[in-house]
Amino acid sequence: MKGSYDAEAQSPADPERIWALLVDASSWPKWGTVDELMPERSSNVSDDGQDGVGAVRAFRTGRVVTSERIVELEPCRLFAYVDADNPYLRDYRAEIRLSPAAAGGTSIRWRGTYEVAFGVHLFMRPLMNRTMRRMVEGLARAA
């Protein structure tokens, strides 16, 4: 079954500050819902915190490890990734769009689509919505 989420937040920070957090995989456990970056299961992750297209970033959350591949970058505007290894989701694609907010700062929109097995769909949809809302809000606060 197909699923999706669409989460938004506002940050007083400029897009450059938010962008720096997105491309630095090591920052995600500090502001997101993931527990740890798994360098030994990642590839092409930059030592200087500037991950590029093709980087595969593996994160552990609890006992589950998932990996994502960066597929599109438009600096300070668009960060897109797909699943490289995920035991629960298939055909997952997420986009994080940054745009200037009318009152100053940055508007962050994080949305994604995925497929899951029928029985998993019942708990995955609310879990993904809640998790991704926490991710975008954490990013906005951390910036």
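Me: Which side chain makes a polar contact with the side chain of Glu 95 at 3.4 Å?
Reply: That of Arg 97. A polar contact is a pair of N or O atoms within 3.5 Å; within protein, one must be able to donate a hydrogen and the other to accept it, and residues adjacent in sequence count only if both atoms are side-chain atoms. The side chains of Glu 95 and Arg 93 are also joined by a polar contact, of 3.2 Å.

Me: What sort of model is this?
Reply: It is a predicted model, where local features need pLDDT of at least 70, side-chain atom pairs count only at pLDDT 80 or more, and totals for chains, interfaces and linings use all residues. Residues are numbered from 1 along each chain as its sequence is written, and side-chain values use heavy atoms, with hydrogens and water left out.

Me: Is Glu 95 buried or exposed?
Reply: Glu 95 counts as buried, because its relative accessibility is 16% (buried is under 20% relative accessible area, exposed over 50%, partly exposed in between, with a 1.4 Å probe and protein chains only). Glu 95 sits in strand E6, residues 90-100 (strands, E, have at least two residues and helices, H or I, at least four; both are DSSP runs numbered from the N terminus).

Me: What does Glu 95 touch, leaving aside neighbours within four places in sequence?
Reply: Its contacts (heavy atoms within 4.5 Å) are Leu 78, Phe 79, Ala 80, Arg 109, Trp 110 and Arg 111.

Me: Where is Trp 110?
Reply: Trp 110 is part of strand E7, residues 106-115. With 0% relative accessibility, Trp 110 is buried too. The side chain of Trp 110 has a polar contact of 3.2 Å with that of Tyr 81.

Me: New topic. How much space is in the largest pocket?
Reply: About 590 Å³. A pocket is an open set of points on a 1 Å grid over the protein atoms alone, where a 1.4 Å probe fits, with protein on both sides within 12 Å along at least five of seven lines; lining residues have an atom within 4 Å of a point. The volume is the space filled by probe spheres set on the points, which are joined across faces, edges and corners.

Me: Which residues are closest to its centre?
Reply: Of the 24 lining residues, these are Thr 61, Thr 66, Asn 86, Met 128 and Thr 131.

Me: Which element gives the largest share of the lining?
Reply: H3, with eight residues.
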